[in-house]
Amino acid sequence: MSFWDIIYYYGYFIGIILMFVSMIISAYCKSSFKKFSQRMSSKGITADQVARYILDAYGVGNTVTIKPISGSLTDNFNPKDLTVNLSESVYGNSSIAAIGVAAHECGHAIQHHVGFVPNKIRAALVPAANIGSRFGVLLAMVGLILMGVVEYNGTDSTIGVTITYIGIFMFSFAVLFYLVTLPVEFDASRRALKILKQDQILVGEEMSGARTVLTAAAMTYVAAAASAILTLLRLISYMMRRRN
Ligand SMILES: [Zn+2]
């Protein structure tokens, strides 16, 4: 049994397993955030103060503003208006989780400031990835159906094959985006944890709490990338099967 046979026959099953794994990771991410939201840092400084300190101390300076936003786990760095947006449970909060998340978003601001290459690639991929994730799979499915239908009638299936190829090509940009997101996210957390430790913003056991929260968050990106890769492989395996 070849690799493509395994994907063709067991892709659906692997997909279901992946879906469960993603759900477990997501639940773990939320629960670890909740757990370390209840542990206050011994220094008593709030996450937005930490963010301001990091931006100033690491050369990003006053060009980046820090704003509170609504929602939970909605924290982000917006490179368009240069803001670090911190959610309700982070902004003004001095918990280990809040400080870890704020430092992570500052990590993204620093990446933007220093021109971190994977971050640039990721930004460049956004338009193609958006289109690809929205229409790629749909188009490939239409193409596959056409291939089946047209072949059934015993005529040429060029149109079906072409549409399938275009769909797969478009979706591969979404997959690429998910993959490039990984080094960007891991690097932001790495920068955050390094600063929190060396500048003694978090001390002793507090560090392992922040690390747990950020690692759990990073795992959700790994799960998303894995399921996108599986979808791409499944589409390719269907096409190969139809073509033979
Ligand atoms: Zn991030």
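The following legends describe close-up views of a predicted model of a single chain.

**View 1. Overall arrangement of the chain.** The chain contains 6 helices and 3 strands. From the N terminus on, these elements follow the order α-α-β-β-β-α-α-α-α. The C-alpha trace spans about 75 × 35 × 30 Å along its principal axes. Of the 244 residues, 36% are buried. Among contacts between residues at least 6 apart in sequence, 75% join residues at least 24 apart.

**View 2. The largest nonpolar core of the chain.** This core comprises 56 residues, of which Ala47, Ala51, Ile99, Ala102 and Cys106 touch the most other members. At least two residues each are supplied by helix 1 (3-37), helix 2, strand 3, helix 3, helix 4 (117-152), helix 5 and helix 6 (205-243). The most is given by helix 5, with 14 residues. Cysteine 106, when its neighbours within four places in sequence are left aside, is in contact with Ala51, Ile54, Leu55, Val84 and Ala192.

View 3. In helix 2 (residues 47-57), the buried residues are Ala47, Asp48, Val50, Ala51, Ile54 and Leu55. Because these residues cover an arc of only 155° around the axis, they lie on the same side of helix 2. An α-helix has 3.6 residues a turn, so residues three or four places apart point the same way. On the other side of helix 2, Asp56 and Ala57 are exposed. The cover over the buried residues of helix 2 includes strand 1 (65-68), strand 3 (83-86), helix 3 (96-114) and helix 5 (158-198). Just after helix 2, glycine 59 adopts a positive phi of about 80°.

View 4. Strand 1 and strand 3 pair in the parallel sense over 4 bridges, and threonine 65 stands opposite threonine 83 in strand 3. Strand 2 (residues 76-78) and strand 3 run antiparallel and are joined by 3 bridges. Phenylalanine 77 is placed opposite valine 84 in strand 3. The hairpin of strand 2 and strand 3 has 4 residues between the strands, and leucine 82 in this hairpin takes a positive phi near 50°.

**View 5. The crossing of helix 3 and helix 5.** The axes of helix 3 and helix 5 come within 8 Å and cross at roughly 115°. The crossing in which helix 3 passes helix 5 is right-handed. On the side of helix 3, the residues that meet helix 5 are Ile99, Gly100, Ala103, His104, Cys106, Gly107, His108, Ile110 and Gln111. Their partners in helix 5 are Val184, Asp187, Ala188, Ser189, Arg191, Ala192, Ile195 and Leu196.

View 6. Histidine 108 lies in helix 3. With 24 other C-beta atoms within 10 Å, histidine 108 is buried, because 20 or more such atoms within that distance define a buried residue. Neighbours within four places in sequence left aside, histidine 108 is in contact with Phe77 and Ala188. Of these two, Phe77 is the residue that stands opposite valine 84 in strand 3, whereas Ala188 is among the residues of helix 5 that helix 3 meets. The C-alpha atoms of histidine 108 and aspartate 81 are separated by 13 Å, and the two residues are 27 residues apart along the chain.

Conventions:
Residues are numbered from 1 along each chain as its sequence is written. This is a predicted model: local features need pLDDT of at least 70, side-chain atom pairs count only at pLDDT 80 or more; totals for chains, interfaces and linings use all residues. A residue is buried if 20 or more other C-beta atoms lie within 10 Å of its own, exposed if 12 or fewer, and partly exposed in between; C-beta atoms are placed from the backbone. The arc is that of the directions from the helix axis to the C-beta atoms. Two residues are in contact if their C-beta atoms, placed from the backbone, lie within 7 Å. Two strands pair if DSSP finds at least two bridges between them. A nonpolar core is a set of buried Ala, Val, Leu, Ile, Met, Phe, Trp, Tyr and Cys residues joined through C-beta atoms within 7 Å. Axes are lines fitted to C-alpha atoms, for helices over the stretch in contact, and angles run from 0 to 180 degrees between N-to-C directions. A crossing is left-handed if the near helix is turned anticlockwise from the far one by less than a right angle, and right-handed if clockwise.
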